[in-house]
Amino acid sequence: MTSATTEPRPAPSPKGELSVQFRGAHSSVLTGIALAVSDLLALSLALAAGYFIWLFVNPTIPRINTILLLVPLGTIAEFLYSGHYPGLGLTAVEHLRRICRGITLVYLLMAAAILLAKDMSAASRGAVLLAWLLSLIAVPLARSLTTHLLASRSRWGVPVIIIGAGDTGRAVIRNLRLNRILGYQPVACLDDDPNKLGDCEGVPVLGGLLDAAMAAELAGARHAIVAIPRINGEQLAWHLRRWRQIFPRLLIVPDLAGIASLWTEPHDLGGLLGVEIRHNLLDPWNQNIKRALDIVTAAIGIVLAAPLVAFCAARIKLASPGSAFYSQEREAQNGLKIRVLKLRTMYPDAEETLRTHLAGDAAARAEWDRFCKLKHDPRILPGVGHLLRQTSLDELPQLWNILKGEMSLVGPRPFPAYHNARFDPEFRSVRMQVKPGLTGLWQISARSDGDIAVQESLDSYYIRNWSIWLDLYILVRTVRTVVSREGAC
């Protein structure tokens with residue numbers, strides 16, 4: 001370990017030069033308090049709303065039980081025990097899972113307490129059930145609003161040192177900025193090359209691996225992420241012994257590219273570290289749950305959407321002759337070819353119009369080669385066509401594909417042959433492991449702003465990290481994305 005102990009240290013930057021960089025990096029205690037207050041208000045309002053709404057439905061229900069008043073505080077206690085406050089390192093999906101699990105557990109314990117007290121008449125079952133459902137909605141919404149307000153004022157999360165200013169370190173910084181919910185604010189970098197000064201993705205590089213104590217003091221950081229996957233194991237162990245005395249929390253990014261990251265679990269194998277990787281979509285129980293959700297939601301959706309689809313079809317017929325509906329062959333699970341249904345948003349001679357347009361416009365050709373779509377597409381019907389595509393209402397007929405079992409509510413979008421041909425063959429085979437979806441991670445994250453590489457990255461993440469919670473999160477985000485028309489074509 002001679003190289004590690006004799007590494008030269010550059011002179012540390014004056015603390016005054018860095019104070020502006022790190023201003024706004026608040027402690028996890030303040031972050032946790034803000035989230036706890038938000039949750040307490042949401043839980044209390046949901047409880048009160050559930051009782052009073054049900055009182056309007058059934059005026060004969062008894063007064064609210066004292067045990068019910070303990071639900072908000074009990075839920076906060078469960079959240080605190082489960083690590084919600086501040087919940088550093090938890091993805092939005094994991095936040096949602098823990099919130100729903102914690103709220104449900106407390107309401108079940110409350111119901112059990114009432115049952116053991118042998119006084120079931122002391123609480124209205126309808127009011128309790130409604131309060132529970134409202135809590136499942138109110139708490140995630142309040143949590144999302146709170147984190148957004150904190151992040152907009154640079155008060156969300158804690159400062160973190162990124163140890164490694166190479167490609168992996170840069171990727172970590174980019175991911176943390178794209179996923180602010182994780183709560184880590186990159187404020188400084190260190191590198192195994194002590195002479196690599198300057199910045200890494202806009203974050204200052206303060207020195208080498210031996211300068212961790214100096215960087216932690218300047219940044220006020222108690223968290224570090226080690227992003228040097230190629231470092232020698234013996235050398236890493238030597239540095240970790242020192243860093244553990246500086247940072248109470250150390251997160252190591254291993255060299256496991258292409259491996260599921262959301263549902264992995266560490267195991268102690270007699271002193272060796274093992275990582276269990278679960279492919280949830282291979283579990284028959286999970287497949288049945290996903291299919292049941294598809295059937296119920298698609299059946300209800302078809303009934304509710306029928307009048308809207310009929311209205312849109314009439315508008316299309318007024319704008320352009322021909323059928324209001326359109327079907328196209330797409331590639332589905334296991335390479336199966338299916339006919340995907342859509343409301344028609346283009347002129348009948350769309351293909352010829354596209355060829356002519358691309359042949360005469362080099363910029364449009366380049367855009368098509370990168371995205372397989374155009375922001376200013378001459379094929380789209382004026383008015384109704386643009387509206388249907390911006391709101392994604394043209395996809396509603398695919399609820400029938402879902403009911404038939406050809407598609408799922410959530411999954412990688414089924415693309416035409418020309419689009420699939422742009423994908424890497426290995427990714428294309430991964431994509432065919434699951435049913436295509438009406439919506440997906442790409443649609444809520446990038447939509448028309450994401451190119452082929454972004455689509456591959458997001459679809460791969462979804463397939464490797466699937467869970468029912470990820471599907472629920474995507475469905476909720478889909479509503480917001482469609483309403484706000486984020487990234488609309």
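**Walking through the model**

Reply: The chain has 20 helices and 12 strands. Both are DSSP runs numbered from the N terminus, helices being H or I with at least four residues and strands E with at least two. This is a predicted model: local features need pLDDT of at least 70, side-chain atom pairs count only at pLDDT 80 or more, and totals for chains, interfaces and linings use all residues. Residues are numbered from 1 along each chain as its sequence is written, and side-chain values use heavy atoms, with hydrogens and water left out.

Me: What share of the chain counts as buried?

Reply: 45% of the 489 residues. Buried means under 20% relative accessible area, exposed over 50%, and partly exposed in between, with a 1.4 Å probe and protein chains only.

Me: Which residues touch the most other members of the largest nonpolar core?

Reply: Ile103, Tyr107, Met110, Val139, Tyr462, Tyr473 and Ile474, in a core of 54 residues. Helix 6 (residues 92-116) gives the largest share of this core, nine residues. There is also a second, separate core of 22 residues, with Ala188, Leu190, Ala221 and Ile231 among them. A nonpolar core here is a set of buried Ala, Val, Leu, Ile, Met, Phe, Trp, Tyr and Cys residues joined through side-chain atoms within 4.5 Å.

Me: What is Tyr473 in contact with?

Reply: Ala92, Val93, Leu96 and Ile444, leaving aside neighbours within four places in sequence. Contact means heavy atoms within 4.5 Å.

Me: Switching topic. Why is helix 9 described as largely enclosed?

Reply: Six of the eight residues of helix 9 (residues 212-219) are buried, so the rest of the structure largely encloses it. The buried ones are Ala212, Met214, Ala215, Ala216, Leu218 and Ala219. Just after helix 9 comes Gly220, with a positive phi of about 65 degrees.

Me: Where do non-glycine residues take a positive phi?

Reply: Glu201 is one of them, at about 55 degrees. Glu201 sits in the loop between strand 3 (198-200) and strand 4 (203-208). Ser392 is another, with phi near 65 degrees. Ser392 lies in the loop between helix 14 (384-391) and helix 15 (398-404). Glu201 is partly exposed at 26% relative accessible area, and Ser392 is partly exposed at 23%.

Me: And the peptide bond from Tyr85 to Pro86, cis or trans?

Reply: Cis, with omega near 5 degrees. Pro86 is in the loop between helix 5 (71-81) and helix 6.

Me: How do helix 12 and helix 13 cross?

Reply: At roughly 115 degrees, with the axes of helix 12 (residues 350-360) and helix 13 (residues 362-371) coming within 5 Å. Leu354, His357, Leu358 and Gly360 of helix 12 meet Ala362, Ala364, Arg365 and Trp368 of helix 13. Axes are lines fitted to C-alpha atoms, for helices over the stretch in contact, and angles run from 0 to 180 degrees between N-to-C directions.

Me: Last one. Where is Lys337, and what does Lys337 touch?

Reply: Lys337 is in strand 10 (residues 337-343). Lys337 touches Glu329, Arg330 and Glu331, not counting residues up to four places away in sequence. At 46% relative accessibility, Lys337 counts as partly exposed. Lys337 and Glu406 are 69 residues apart in sequence and 9.3 Å apart in space, C-alpha to C-alpha.
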